[in-house]
Amino acid sequence: MSNVVDFRKAQKKKAEPKPAPGAPKRRSAAEFAMAVGLTGVAIFLAPTLWTGVPVHLLAVVNLLVAAVYVQQGPRLLAILWIALSFAVLAVFSEASPVAYALGVAFATFG
């Protein structure tokens, strides 16, 4: 038997590198869906609060939300959302695909 005690530190497993303190955290697809959904509902309800709200201003807000997610979140999903937003704006003159879908739903069912 040995009376020698091993004082070496146990080797730790390599962990994933931590992001820099100022770096934005990655965002999830669920967070993206919630953000564009809530933005779409707000855009749908905005004309009830302010009748002269310009559609293009609301479209810019919708696109800015998606642009944040191009930088920090699910990039492909955000790019597809931007493309869909431009298509809805060009074809139907609606600021957001969510606002367009809510308008169609209320016109059909309500």
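Predicted model: local features only at pLDDT ≥ 70, side-chain atom pairs only at ≥ 80, totals over all residues.
Residues are numbered from 1 along each chain as its sequence is written, and side-chain values use heavy atoms, with hydrogens and water left out.

**Exercise 1: the overall layout**

Work out which secondary structure elements the chain has, and how much of the chain is buried.

- Step 1. Count the elements: there are 4 helices and 0 strands. Helices (H or I, at least four residues) and strands (E, at least two) are DSSP runs, numbered from the N terminus.
- Step 2. Read them off from the N terminus, and you get α-α-α-α.
- Step 3. Now for burial: buried means under 20% relative accessible area, exposed over 50%, and partly exposed in between, using a 1.4 Å probe and protein chains only. Of the 110 residues in the chain, 27% are buried.

**Exercise 2: helix α1**

Compare the span of α1 with its expected value, then find its buried residues and what covers them.

- Step 1. Helix α1 covers residues 29-49, which is 21 residues. The expected span is 1.5 Å times one less than the number of residues.
- Step 2. From first C-alpha to last, α1 reaches 30 Å, close to the 30 Å expected.
- Step 3. The buried residues of α1 are F32, A35, V36, G37, T39, G40, I43 and A46.
- Step 4. Look at the spacing with this in mind: an α-helix has 3.6 residues a turn, so residues three or four places apart point the same way.
- Step 5. The cover over those buried residues of α1 includes α2, α3 and α4 (97-109).

**Exercise 3: two helix pairs**

Describe how α3 packs against α1 and against α4.

- Step 1. Two packed helices are described by the angle between their axes and the distance between the axes. Axes are lines fitted to C-alpha atoms, for helices over the stretch in contact, and angles run from 0 to 180 degrees between N-to-C directions.
- Step 2. For α1 and α3, the angle is about 25 degrees and the axes are 10 Å apart. Angles under 35 degrees count as roughly parallel, over 145 as roughly antiparallel, 65 to 115 as roughly perpendicular and the rest as oblique. So α1 and α3 are roughly parallel.
- Step 3. Where they meet, A29, F32 and V36 in α1 are in contact (heavy atoms within 4.5 Å) with L77, A78 and W81 in α3.
- Step 4. For α3 and α4, the angle is about 50 degrees and the axes are 9 Å apart. That makes α3 oblique to α4.
- Step 5. In this second pair, W81, L84, S85, V88 and F92 in α3 meet P97, V98 and Y100 in α4.

**Exercise 4: picking out residues**

- Step 1. L102 and V41 are 61 residues apart in sequence, yet 7.9 Å apart C-alpha to C-alpha.
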